[in-house]
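Reader: I would like to learn how to read pockets and helix packing, starting with the pocket.

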Amino acid sequence: MVLEAPVVMVGTDALGVERRLRAGELGCPCGGYLRPWGHARARTVRGIGALRPRRARCGACLVTHVLLAVSCLLRRADSVDVIGAALLAKATGAGHRPIAARLERPVSTVRGWLRAFARNAEALRSTFTTLLVRLDPLTGPLPVHASPFADVVEVIGVCDAAARRRLGVLGAVSPWQAASAVTTGRLLAAALATELINTGEPLGAAV
Ligand SMILES: [Zn+2]
């Protein structure tokens, strides 16, 4: 799947998103408000089903965005929760073949997730560590693992726990969905390091 338009992350409740979009309650990163603007191409996401992402246009900057549910990642055919399960298993020492077998996904697909996450490890660690300090300024140093990969999985988990303590309303959003919201669906994206923009409300889509 190729998304040309910039992405705005939204919750997984499609009816609620549609209602908020029609009511002019969904914000554009520019500060304006989004209005319905057709749909993106339909796609199937394993673990979620058929999706037809909404397009929306901002009345202020006139940019058209694709609304991506936090349960998805950009250009990935599996839900972020399935991918996150693979990342967690890898961080605790499992190899890509057993992970693929357990999740019933192709070995090459799982290897691709793990490599993409490892490539993004430094950018992700920086992003989530910064967010963690904002959420919990008194947080202590995190345990150091044998690999940067495991360090990043740890900080994502700790960050999620801190967000739940601080905001208390993440409710139905899983830790990996929150991570998708923070990275604008780019957890595994090649251009993560340059595209990650530290917005004022990185968890906005998740709450
Ligand atoms: Zn705008």
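Author: Since this is a predicted model, let us begin with where the lining comes from: α1 contributes the largest share of the lining of the second largest pocket, namely four residues. As a general idea, rolling a probe the size of a water molecule over the atoms shows where empty space is left.

Reader: What volume does the second largest pocket have, and which residues are the closest to its centre?

Author: The second largest pocket has a volume of about 370 Å³, and of the 22 residues that line it, A14, L51, R52, P53 and A69 are the closest to its centre. At least two residues of the lining come from each of α1 (14-22) and β6 (64-69), and by class the lining holds eleven nonpolar, seven polar and four charged residues.

Reader: Turning to the helices, at what angle do α3 and α4 pack, and which residues make the contact?

Author: Helix α3 packs against helix α4 (residues 107-119) at an angle of about 120°, their axes being 9 Å apart, which means that α3 is oblique to α4. On the α3 side the contact is made by H96, R97, I99, A100 and L103, and on the α4 side by V107, V110, R111, W113 and L114; seven of these residues are nonpolar, one is polar and two are charged.

Reader: How do α2 and α3 pack?

Author: Helix α2 (residues 80-91) and helix α3 (residues 96-103) pack at an angle of about 145°, with axes 10 Å apart, and α2 passes α3 in a right-handed crossing. The contact joins V82, A85, A86, A89 and K90 of α2 to I99, R102 and L103 of α3, with six nonpolar, no polar and two charged residues.

Notes
Residues are numbered from 1 along each chain as its sequence is written. This is a predicted model: local features need pLDDT of at least 70, side-chain atom pairs count only at pLDDT 80 or more; totals for chains, interfaces and linings use all residues. Side-chain values use heavy atoms; hydrogens and water are left out. Axes are lines fitted to C-alpha atoms, for helices over the stretch in contact, and angles run from 0 to 180 degrees between N-to-C directions. A crossing is left-handed if the near helix is turned anticlockwise from the far one by less than a right angle, and right-handed if clockwise. Contact means heavy atoms within 4.5 Å. Ala, Val, Leu, Ile, Met, Phe, Trp, Tyr, Cys and Pro count as nonpolar, Asp, Glu, Lys and Arg as charged, and the others, Gly among them, as polar. On a 1 Å grid over the protein atoms alone, a cavity is a set of points where a 1.4 Å probe fits but cannot get out, and a pocket is an open set with protein on both sides within 12 Å along at least five of seven lines; lining residues have an atom within 4 Å of a point. Grid points are joined across faces, edges and corners, and a volume is the space filled by probe spheres set on the points. Angles under 35 degrees count as roughly parallel, over 145 as roughly antiparallel, 65 to 115 as roughly perpendicular and the rest as oblique.
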